[in-house]
Amino acid sequence: MPEPGTSALVILLPAAEPVLAAARRTAPALVRPGLPAHVTALYPFLPAHELTDEVVDAVRDLTAAVRPVDLRLTELVVAPGFSAIATPSLQPIADAVCARWPEVQPYGGRFGPTPAAHLTVAMGGAEADHERVAEQVRPLLPLAARAAELHLVALDDEGWETRLAAPFGA
């Protein structure tokens with residue numbers, strides 16, 4: 001679990017909330033609490049104490065050059081200990097974020113320099129748990145979604161707090 005003081009850049013996808021709700025009903029321990037349905041552009045980002053006005057301005061500059069993305073959530077990918085929905089149309093945004101802050105390794109480098117953009121549905125647990133989640137989630141797909149802004153969020157003792165919601169194309 002992330003420590004307070006951690007931050008991230010995420011793209012919220014409210015249209016995918018039914019997917020997380022289904023997973024939560026099926027295997028509540030496998031759905032991370034705190035943030036709504038989202039695709040992570042960069043985690044961990046900078047420590048919360050380094051989120052200066054200059055960083056906020058850089059996030060706004062980056063999002064101003066990005067157009068909103070209409071996407072279809074179609075494919076649930078299940079791997080040992082992990083279920084996610086692929087979001088390849090959001091990969092260019094995640095790549096642009098990572099290119100802007102090359103000193104920050106996505107996921108601490110665990111998945112290479114450019115991890116695949118995805119919406120995590122469930123993490124941890126046994127294969128049987130993920131099979132049950134998949135049975136509940138797959139009938140909900142496809143879903144139409146719109147990626148319209150990048151959120152800078154920071155974790156404090158109360159949970160994840162939005163520090164900035166930067167609209168695409170603004």
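Mentor: With strand pairing: two strands pair if DSSP finds at least two bridges between them. Helices (H or I, at least four residues) and strands (E, at least two) are themselves DSSP runs, numbered from the N terminus. Here E5 and E6 run antiparallel and are joined by five bridges. Within that pair, Ala-86 stands opposite His-118 in E6.

Trainee: What kind of model is this, and how are residues numbered?

Mentor: The model is predicted: local features need pLDDT of at least 70, side-chain atom pairs count only at pLDDT 80 or more, and totals for chains, interfaces and linings use all residues. Residues are numbered from 1 along each chain as its sequence is written, and side-chain values use heavy atoms, with hydrogens and water left out.

Trainee: How many helices and strands does the protein chain have, and which pattern do they follow?

Mentor: The protein chain has four helices and nine strands. Along the sequence they read β-α-β-α-β-β-β-α-β-α-β-β-β. The radius of gyration is taken over C-alpha atoms, and the globule rule is 2.2 Å times the number of residues to the power 0.38. For this chain the radius is 16 Å, close to the 15 Å that the rule gives for 170 residues, so the chain is as compact as a globular protein of that length. Its C-alpha atoms fill a box of roughly 45 × 35 × 30 Å along the principal axes.

Trainee: Which strands belong to the sheet that contains E5 and E6?

Mentor: That open sheet has three strands in the order E4-E5-E6, with antiparallel pairing. E4 (76-79) and E6 are at the edges with a single partner strand each, so one side of each has no neighbour in the sheet. For angles, axes are lines fitted to C-alpha atoms, for helices over the stretch in contact, and the angles run from 0 to 180 degrees between N-to-C directions. The twist in this sheet averages 25° from one strand to the next. Contact means heavy atoms within 4.5 Å. Helix H1 (residues 17-26) packs on the sheet, touching E5 and E6, and its direction makes about 10° with that of E6.

Trainee: How do I read empty space?

Mentor: Rolling a probe the size of a water molecule over the atoms shows where empty space is left. On a 1 Å grid over the protein atoms alone, a cavity is a set of points where a 1.4 Å probe fits but cannot get out; a pocket is an open set with protein on both sides within 12 Å along at least five of seven lines; lining residues have an atom within 4 Å of a point. Grid points are joined across faces, edges and corners, and a volume is the space filled by probe spheres set on the points. The largest pocket holds about 830 Å³. Of its 33 lining residues, the closest to the centre are Arg-32, Thr-40, Tyr-107, Thr-120 and Met-123. E6 gives the most to this lining, with five residues.

Trainee: What is the volume of the largest cavity?

Mentor: About 80 Å³. It has 14 lining residues, and Thr-40, Ala-41, Ala-94, Cys-98 and Pro-115 are the closest to its centre. H3 gives the most to the lining, with four residues.

Trainee: Where are the cis peptide bonds?

Mentor: One joins Tyr-43 and Pro-44, with omega about -15°; Pro-44 lies in the loop between E2 and H2. Another joins Leu-141 and Pro-142, with omega about 0°.
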